Amino acid sequence: GDVTGLAVFILTRLLWNPDIAAEYRHPTVPHLYRDGHEEALSKFTLKKLLLLVCFLDHAKSSRIIDHDPCLFCKNAEFKSSREILLAFSRDFLSGEGDLSRHLGFLGLPVNHVQTPLDEFDFAVVNLATDLQCGIRLVRTMELLSKNWSLSKKLRVPAISRLQKMHNVNIALQVLKDHGIQLKNEYGSGIDAKDIVDRHREKTLALLWKIIFAFQVNVSLDLHQLKGEIEFLKNLHDTQVKMGALESSVILRMRKDSSNFYSSESCSENVKLLMDWVNAVCVFYGLQVENFTVSFSDGRVLCYLIHHYHPCYLPLEAICQRTTQTVECTKSGTLALNFSSESDDSLNLLNGTFGQAVTTSALYKELLDNEKKNFQLINAAISDLGGVPAMIHHVDMSNTIPDEKVVITYVSFLCSRLLELCKEIRAARLIQSAWRKHRLKKKLAQSIKETWNATIVIQKHWRMYLAQRELQKLKKAKREEAERGSSIVIQKYWRGYCARKNYLQLRYNTVLIQARIRM
């Protein structure tokens with residue numbers, strides 16, 4: 001355990017030195033040391049002890065640990081580094097005087113003194129009684145604003161009313177310096193007297209002012225949030241382009257959902273938080289309109305966690321059938337027609353009663369689905385850590401959630417997710433670069449294929465035209481050859497017919513002449 005490890009460290013590093021033991025060890029007898037060993041070991045132990053006191057004092061003064069724990073136990077006899085050195089020198093170094101002065105001459109001053117404020121129990125059990133002294137409020141403002149000088153202005157212990165009002169005014173002044181209007185939702189001012197007098201409504205209003213001032217407006221890294229929103233929009237546009245390319249459909253660009261949330265009472269940071277929510281939910285086809293009803297079924301929070309850490313909350317585990325997606329009433333409506341004189345009224349009763357039972361069962365199923373969504377959210381948040389358990393399905397489902405609670409929870413969730421998404425962002429940048437490269441490659445390949453197809457079509461079309469022209473030329477040549485052949489045939493036929501007629505005429509003439517001469 002820790003105690004055993006600390007004891008071993010003290011024995012081996014503070015009260016013992018193996019180099020000194022090796023230098024003064026007896027050459028033949030084990031565990032026997034020569035003269036001067038105890039003096040050398042005492043000097044070494046004194047040096048280590050003084051260095052340890054100086055180191056712890058400087059570490060406490062430098063606030064190395066963020067939550068700044070006490071250096072001394074509450075029941076310790078000494079509560080300052082100087083008292084320890086004085087007691088040590090008084091018991092073991094008589095005649096040396098004040099060791100703290102000697103260390104100061106060497107450039108190692110010790111100044112830490114543990115005050116009653118350091119031992120104050122800052123745990124809050126009752127908001128009305130535990131905050132009226134103002135000490136816890138100032139400590140809260142000190143942690144949120146990182147101004148560690150506020151505690152020095154406190155009056156501890158705060159016994160009188162004036163001391164309590166002084167402490168509360170310190171916390172209120174920090175809020176005023178950050179430009180926070182100290183008024184509740186009804187316009188009434190919040191002052192130190194209300195907190196000291198245990199005014200519950202104004203105390204809660206002050207706590208909400210602190211939450212919105214520091215968690216939503218200060219704790220969120222606005223530069224990182226704006227970069228994340230821009231990254232998500234570009235990523236969605238790339239996915240839309242790739243989907244349009246793969247499906248060969250006309251590209252329809254996403255409708256810009258920025259500045260959709262336009263509540264006048266909310267700051268620009270809250271609107272930026274809504275832009276981030278919509279930038280994530282657009283991947284799931286969901287439009288978020290407000291911080292109340294839109295979050296009542298748990299789907300939006302599930303989508304936010306799944307987008308950054310799908311291993312903690314799988315998409316198929318999210319219940320999509322909720323009161324936001326299915327129109328349903330709590331119970332069916334029973335209506336009877338008393339003017340009917342027939343038995344049809346009984347049939348109407350049976351049908352309406354069955355519909356009422358069915359509708360009521362469906363509504364119960366939808367509420368159970370919403371409960372499952374919030375159980376998934378709480379389980380995932382417990383694994384992620386860093387987000388307080390502020391929501392429960394009873395306060396969210398089947399009602400209008402408190403807007404301040406939802407905004408605060410979403411701001412915690414956003415801060416935690418963006419804090420954990422550095423490696424995810426690197427992987428996404430690599431994926432985005434690869435997808436852009438693949439998209440450009442697909443576009444180039446598509447253009448090349450289109451160009452090749454165009455060339456092939458042109459080649460075949462030109463071949464077709466050339467073949468048609470060749471056929472026309474062949475047909476004209478064939479017709480010309482046929483025409484010449486016809487002329488030759490006609491010429492020989494006409495010559496044959498003319499010679500035949502000539503020979504017949506000659507034969508008849510000779511025959512007539514022979515007959516006459518006879």
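R63 counts as buried at 17% relative accessibility, where buried means under 20% relative accessible area, exposed over 50% and partly exposed in between (1.4 Å probe, protein chains only). This is a predicted model, in which local features need pLDDT of at least 70 and side-chain atom pairs count only at pLDDT 80 or more, whereas totals for chains, interfaces and linings use all residues. Residues are numbered from 1 along each chain as its sequence is written, and side-chain values use heavy atoms, with hydrogens and water left out.

**Overall architecture**

- The chain contains 17 helices and zero strands; helices (H or I, at least four residues) and strands (E, at least two) are DSSP runs, numbered from the N terminus.
- Of the 518 residues of the chain, 32% are classed as buried.
- Contacts (heavy atoms within 4.5 Å) between residues at least 6 apart in sequence join residues at least 24 apart in 63% of cases.

**Backbone geometry**

- Most residues other than glycine have a negative phi, and most peptide bonds are trans.
- R63, in the loop between α3 and α4 (81–92), has a positive phi of about 55° although it is not a glycine.
- H31 also is not a glycine and has a positive phi, of about 60°; H31 is placed in the loop between α2 (18–24) and α3 (37–62).
- H31 is exposed, its relative accessible area being 77%.
- The peptide bond between V156 and P157 is cis, with omega about -5°, and P157 belongs to the loop between α7 (135–145) and α8 (161–177).

**Packing of α13 against α16**

- The axes of α13 and helix α16 (residues 403–420) come within 11 Å and cross at roughly 5°; axes are lines fitted to C-alpha atoms, for helices over the stretch in contact, and angles run from 0 to 180 degrees between N-to-C directions.
- α13 and α16 are therefore roughly parallel to each other, given that angles under 35 degrees count as roughly parallel, over 145 as roughly antiparallel, 65 to 115 as roughly perpendicular and the rest as oblique.
- On the α13 side the contact involves L301, L304, I305 and Y308, which meet Y409, V410, L413, L417 and L418 in α16.
- The residues of this contact between α13 and α16 comprise nine nonpolar, no polar and no charged; Ala, Val, Leu, Ile, Met, Phe, Trp, Tyr, Cys and Pro count as nonpolar, Asp, Glu, Lys and Arg as charged, and the others, Gly among them, as polar.

- R299 lies in helix α13 (residues 299–308) and is buried, with a relative accessible area of 10%.
- The side chains of R299 and D297 are joined by a polar contact of 2.6 Å; a polar contact is a pair of N or O atoms within 3.5 Å, where within protein one must be able to donate a hydrogen and the other to accept it, and residues adjacent in sequence count only if both atoms are side-chain atoms.
- Beyond its neighbours within four places in sequence, R299 is in contact with residues including L286, I318, T322 and N373.

- Q132 is situated in the loop between α6 (127–130) and α7, and is buried at a relative accessible area of 9%.
- The Q132 side chain reaches the backbone oxygen of V196 at 2.9 Å and makes a polar contact of 3.1 Å with the side chain of R198.
- Apart from neighbours within four places in sequence, Q132 is in contact with K164, V168, I195, V196 and R198.

**Cysteines**

- The structure has zero disulfides, a disulfide being a pair of cysteine sulfur atoms within 2.5 Å.
- C54 is buried at 10% relative accessibility, whereas C497 is partly exposed at 25% relative accessible area.
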